[in-house]
Amino acid sequence: MASDDRRPDDSRSRFSMRTFLSPEDDVPRSGDEPGDGSARAHDLAPESFGTGGVDDDALDALVRADASEFVSDVPTPEAETPAFVWAAGDVPEPVPGDLDAAAPMMSENLEALPVDAVSETGSSAPDAEAEDAPASAQALDTDWTVAEGDFAQADSDDAFTGLQDADALPAAGFDGLGEGATLPKDSGAEPSVGEPIASEALSFDAFTMTEATSATPDASASEVLPTDATAAEQEALDSDIPTFLPATSVETMPDADVALPDAEPNAVELPTAEAGVATPTTHPPVIQATAETEETAATTDAVDDAFEAQADAEKADAPGLGSPEGTLEVPTLGPEDFEPEELRQALRTMMVSRRLDQKMLTLLKQGKGFFHIGSAGHEASQIAVARHFEGGKDWFCFYYRDLATALTVGVTPTEVLRAHFGKAADVFGGGRQMPEHFGHRDLNILSTSSSVAAQYVPAVGFALGVKREDAEAVSDGASSRAVYVSGGEGSTSQGAFHEALNWAAREALPVLFHVQDNKFAISVPVDEQTAGGSIWHLLGGYAGLQRIRYDGTDFFQSVAAARAAMDHIRAGHGPVALHADLVRLLPHSSSDDHRKYREAEAIEADAARDPIPRLAARLVEAGILTEDEIEAMQVDIAAEIDRLARAVEAEPDPDPSDALRHVYYEGPDERQYEVDGETGDLIVMVDAINHALDEEMARDERVLVYGEDVGGGKGGVFTATRGLTEKHGRHRCFNSPLAEHSVIGSAVGLAASGYMPVVEIQFADYIWPGMQPLRNQVASMRYRSNGTWANPMVLRVPCGGYIHGGLCHSQNVEAMFSHWPGLHVVMPSNAADAKGLLKTAIRGQDPVIFLEHKALYRQGPARRPEPHAEYLVPLGKAVVAREGTDLTIVTWGAIVYKALNVAKALEKEGVSVEVVDVRSILPFDRETVLASARKTGRVLVAYEDHEFMGFGAEVAAQVSDAAFGHLDAPVKRVAGAFSSIPYADALEKAVLPQDDDVLAAARDLLAY
C-alpha cells in the first residue's frame, strides 16, 4: 500500500483505542479519604490497603466526593461536548447477544487496548511540575495520568488505583488507556458509580498513577455529582456507556512510520479535543483538555510539519513498512476494492478483539481471573488472513495471540470470556486450559498447547489428510481446503517450525504459515533470536515454499498478501509463509512489564502503528464510515462486552467432581476380547506385528503406517512393515523425515482429523526429540479440551537390551511414559499378545505407546500360534503365565522368560512359583497382581529397567499398600543397575538382570 496512508501515534487520532473504557473498568480501592486530594489511593503502597472488605456506603461517599475533583464543569445539554466524550444515556442499550450473533466470519470482535503504550517512567510519584503546583490546582484541577507497571510482579514499586466515577474518569492504564492518558476537565459527561470490589480480591502492584497539572478551571464550573442522587439518576449514572477522551480529527494525523522530533527530551505533543490544540508534555504523552492558545496551536502545526518532513526520509528505511515483497505477486488493494460492509465488519472485529483484551485485563485487576495474554497490534493481519478461511471446513492450529483470528472464523466473545473466567461452559476446555488457549471442535480449531511451536507440525498432519482427501477435487479445478498455522517470530527459533516447513514444502502441502513478527519473544529481541535479525531470510531456504513479507498493521496490505497466498494454496501449489511485520502493543502477558526491557521511544513508535486507528482513518477518508459512526461503534461494543462479561461471570463454575474426567475415552467399548477362533502356525513376534498391521490396514482405510525407513522395500529396520507399501500403496505406508518430532507431531493432526496413524519410532532411545508433542499435545489433548478433541494413535517403539546395542539402542522407557495421564503403555512378551494388543490399540480411542522388546522379535520362546484376525487382547489386563502357590514374580517384557526359567529351577527344589506377566503397564491390572500376592504371601518384582524409580517401584508400592496383611515377607525388587547400558557382552551382563540375579533374589525372599 502507498506509504502516505499510514498513521502516527494513535493518541493523535480521533479513533484512539487507548480511551476505550466503560464504567465497569474502574477498580475501587480501600484507603481513600473522601475529598482529600492529597491522600489518594494511587499515592499509597500496597501495604497501605487492608485485606478486609470494602464498606459499600463509605466507598460510594468517597467516590462521589472524589468525583468533584475531576468534574470541574458539567455542561448543560445544549453545550457542545468534545469528541469521544459520552454521558450516560447518549447511546441506547445494545441488543443482547449482538456480538455473539455476528461473530462468525468478520464478526463484531475487538481486541484490548495497547497497555504496552504506557508510561515509561516506572515511578509512582507525581511529576515535578505537579508537586510544585498551587494547592488549588492540586485540589480541583488535576489531570491524572496512568502509567503501567508490572501486572503481577512482586518487585514492582507501583500501586494501581481505579476510581468509580468512570463516566468522567477513565479507568487506569490497565484498561488500555495508554501511556500517560489523563482525564478531560470539560468532558460533558456525568460520573457514575460502579460496583465496589472486595479489597482482598485486588492486586496493587500493577500500575502507577502520576499527577500532571493543567490550568485552573473556570470559576463557573460548579456542577458535581450530588451525594443524594435519585434512583433514576443513579441508574443512568451506572449505565455501561464508556467514556472516551477527546482526540483530533483524522485529517491532522501524520504518517505512522515517522518518529517525533525531540523538542525536549522525549517530548511528545498531543492535540486536545476542542480545536486540535497541542500541549507539550514530557514522555509519556498525556492527553489533556486545555484552553486553546495561539502558542499551542502554532506548536501543533510545527509538530505536524515535522512529521511530514521526516516521513519521506524515513519511510524507505522503516522495516516492514514498504510495499509487500516475496515470491508471489501481491495486488495493491484499497477501500475501493471491498464492499463497504466488509470493511465495516473488519473494523468492528478489530474493535471487539481489542475491547476483549482490555476487559479481561480489567477483570484481572478486580480479582476476576488469573491470567491474560493479549493480541493488541496483531488484529489487522489476523483478520485479513482469517477472512480467507472458513471455520468448520478448513483446519486451524492457533497460538495464544490469535484472538482476532478466532473471532473472525466464528469464535464468539462469550466463548472468549468463558475461557477467561474458567467456566463450566468454556468451549475451549471447560476451565482446564489457561485463557487464550483456543480450541473449538465445531470450527476445526485444534486445542491450543502452551508449548512454543507445538502447533506447527500438527498442521502438517492436518495438511497430509487434506491433500489425500482433496487431491481429486483439485485436479478437477476445484479449490482445496487449507490449514492455517501461526506463531510469533520467537517460535521460529524452535526446530519444530523448520521441520514443519521442510515437510510441507517437500510435499506441496496446503498450509499457510502466518508468522506474526512483533520483534520480541517475551523480552528477547529478534536480533538475539534469529540469524540476520529476521526469519524472512531463512524462509527463503526451503524449495517449494513461497513467502511474502508485508506490513501487518496495514489491513489492506495484509489482505492483499493473504489473497495471493491463499490463491496459490487452494490451487494445490503448496505452502506459503506470510511474514507479517507488526507490533505488540501489550506486554507479553499479564505477568510481564515490557518497560523493564524496552525503551519508551520504542514503545511509542509501536503505538504509532496501531492498526485500528489506521484502518478507521482510511474508512473515514473513503466515506465508508463517519467519525460519529465509529464513535458509536466503539460505545456499542464496550457496552455489549461489559454486558457479556457480567452474564458470563454469573455462569456456573466447573464441578470439582469432574476434575478427573476426560483423561481417557469414557464411551462404551463394544470390542470383544480374546475370543476363541482358528489359529495358524507358530509365528515369531515381529511377524505377528507385521500381520496385525496388514490386517488392520485392510480393515480400515483410515489406518496409516509411517516412520523412518518404514515404507518401500526396506520395511523398517526390523522388517515389521515389510510388504505393506507394496500391498496398500505409498499413500498408506510411507517414509517420514528423519525427525521424531515430525513423526509424532504430524500424527497429532492426522489423528485429530479422523485418521488412525500407526507410527514407528525406530528405537526407544531416539524418541526424545518427540517428547514435546508427545507430552504437550498427545497425552493431554482429550483432557485439556474437555473431551472434545482426541488423539487416538499408536506409537510402535522397539526397546530393551540384551542385543549388544550399547547406550543408544538398549533403553527401557516404560516408567517414563507411565507417568503421563492420557497415554496407554503396553509391552507384550509373546507373538499372540503382540498381535492382539496391537489390534486393540489400533481400534481404540486413546494414544498407545506400544513397546516391542527387540530381543523377543525372533526368539523361539516368544513364538505362539498365530491368532485369527479378530483376536483382541484387552488393555489393562495382566495374565498369569505360570500358576504357583509359594512365591509371585511380577514381571513384563524380556524378563518374563527369566522368571519362567527361575520358576522351573525352583520347582526342582519343591517351590511353586507363580509368574504374572503384566503386559499392560498403563492401565495397570492391580487386581490380578494383588490376588496373586494374597495367595502366595511373597512378591518379587523383576524388571529390566533401572531398579531406582523404575515401574517396578510402583508395583511394589501398590502391593505393600493393599496386601500388606497377607504378606509373609517384604516386597522385593530385582532390576537393572543405575547405569547406561554398555556394549561389550561382559559389561552388558553386569548391568542388566540375568537369570542368576532373579534366582538369587527369589531365594532370599523365600528364606525371609
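Strand S23 (residues 887-891) and strand S24 (residues 913-917) pair in the parallel sense over five bridges, where helices (H or I, at least four residues) and strands (E, at least two) are DSSP runs numbered from the N terminus, and pairing requires at least two DSSP bridges between two strands. The model is predicted: local features need pLDDT of at least 70 and side-chain atom pairs pLDDT 80 or more, whereas totals for chains, interfaces and linings use all residues. Residues are numbered from 1 along each chain as its sequence is written, and side-chain values use heavy atoms, without hydrogens and water.

S23 also runs parallel to strand S26 (residues 939-946). Thr 888 has a bridge partner in each neighbouring strand, as tabulated.

| S26 (residues 939-946) | three | Val 939 |

From S23 the chain passes through helix H25 (residues 895-907) to S24 in a right-handed β-α-β crossover; right-handed denotes a clockwise path from the first strand over the helix to the second, with the strands pointing away from the viewer.

Five of the five residues of S23 are buried, so the strand is largely enclosed by the rest of the structure. Buried means under 20% relative accessible area (1.4 Å probe, protein chains only), with exposed over 50% and partly exposed in between. Leu 887, Ile 889 and Thr 891 point one way from S23, and Thr 888 and Val 890 the other way.

The largest nonpolar core has 84 residues, and Phe 817 and Trp 892 are among those touching the most other members. Such a core is a set of buried Ala, Val, Leu, Ile, Met, Phe, Trp, Tyr and Cys residues joined through side-chain atoms within 4.5 Å.
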